[in-house]
Amino acid sequence: MTYSGVGKCRQVGISESGIDDAVQKLVARGYKVGRIEQLETSEEAKARGANSVIRRKLVNVCTSSTTDSNIGPDAVHLLAVKEGSCGLDNGSIIFGFAFVDCAALKVWIGSVTDDTSYAALGTLLMQVSPKEIIYESLSREAQKALKKYSLT
């Protein structure tokens, strides 16, 4: 492995033949591992211009909740949450969710309607006890509720 990095982002270069073992070891230590692949050759980049940078793309993210070994009695749970409004002026908030139960090999999809106390979101988090929560652009208040009610 070749280790480098700038700021908060640390990079590790790994040969293609050793990638699976290295990812398992890093995830077992609690790291989130992103796999970035080169999308073009250096010749293709040079054809776009002398100072062009080779295009790369994030193609996979591995965490303790998303690995293949996450099945069986030691399985963990993954929860995805999306916040929205009910279209009513009463201040109601709706949370759509998808919950992956890796021990039972089931996916649950649903929604809960909540108010500004975030009690319904808290109940969902306490019942599910997810190891990892994925969300996109939650309000500051919803993020505070996630921190308050999640055990992770």
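Colleague: Which residue in E6 does His77 stand opposite?

Modeller: Strands of a sheet pair through backbone hydrogen bonds, either parallel or antiparallel. Here His77 stands opposite Asp101 in E6. Before going further, please note that this is a predicted model, in which local features need pLDDT of at least 70 and side-chain atom pairs count only at pLDDT 80 or more, while totals for chains, interfaces and linings use all residues. Residues are numbered from 1 along each chain as its sequence is written, and side-chain values use heavy atoms, with hydrogens and water left out.

Colleague: How many helices and strands does the chain have?

Modeller: Helices (H or I, at least four residues) and strands (E, at least two) are DSSP runs, numbered from the N terminus. The chain has 4 helices and 8 strands, and from the N terminus on they follow the order β-β-α-β-α-β-β-β-β-α-β-α.

Colleague: In what order do the strands of the open sheet lie?

Modeller: Two strands pair if DSSP finds at least two bridges between them. The open sheet of 4 strands has the order E7-E6-E5-E8, with mixed pairing. Strand E7 (106-114) and E8 are the edge strands, each pairing on one side only. E5 and E6 run antiparallel and are joined by 9 bridges.

Colleague: Which residues have the most contacts inside the largest nonpolar core?

Modeller: In soluble globular proteins, nonpolar side chains tend to be buried together. A nonpolar core is a set of buried Ala, Val, Leu, Ile, Met, Phe, Trp, Tyr and Cys residues joined through side-chain atoms within 4.5 Å; buried means under 20% relative accessible area, exposed over 50%, and partly exposed in between, with a 1.4 Å probe and protein chains only. The largest such core has 18 residues, and Leu79, Phe95, Tyr118, Leu121 and Leu125 have the most contacts inside it. Strand E5 (77-85), strand E6 (93-101), helix H3 (119-128) and helix H4 (140-149) each supply at least two of its residues. A second, separate core of 6 residues includes Val23, Leu26, Val33 and Cys62.

Colleague: With which residues is Leu79 in contact, leaving aside its neighbours within four places in sequence?

Modeller: Contact means heavy atoms within 4.5 Å. On that basis, the partners of Leu79 beyond those neighbours include Phe97, Phe99, Leu124, Leu125 and Ile133.

Colleague: Why do the buried residues of H4 line one face of the helix?

Modeller: One compares directions around the helix; the arc is that of the directions from the helix axis to the C-beta atoms. The buried residues of H4 are Ala142, Ala145, Leu146 and Tyr149. Seen down the axis of H4, they fall within an arc of 105°, so they line one face. They pack against E5, E6, H3 and strand E8 (132-135). The face of H4 turned away from this buried side carries the exposed residues Arg140, Lys144, Lys147 and Lys148.

Colleague: Which residues of H3 are buried?

Modeller: In H3, Leu121, Gly122, Leu124, Leu125 and Val128 are buried. They cover an arc of only 160° around the axis, which puts them on the same side of H3. Their cover includes E5, E6, E7, E8 and H4.

Colleague: Is Val27 buried or exposed?

Modeller: Val27, which lies in helix H1 (residues 19-28), is buried, with a relative accessible area of 9%. Val27 and Ser64 are 37 residues apart in sequence and 5.8 Å apart in space, C-alpha to C-alpha.
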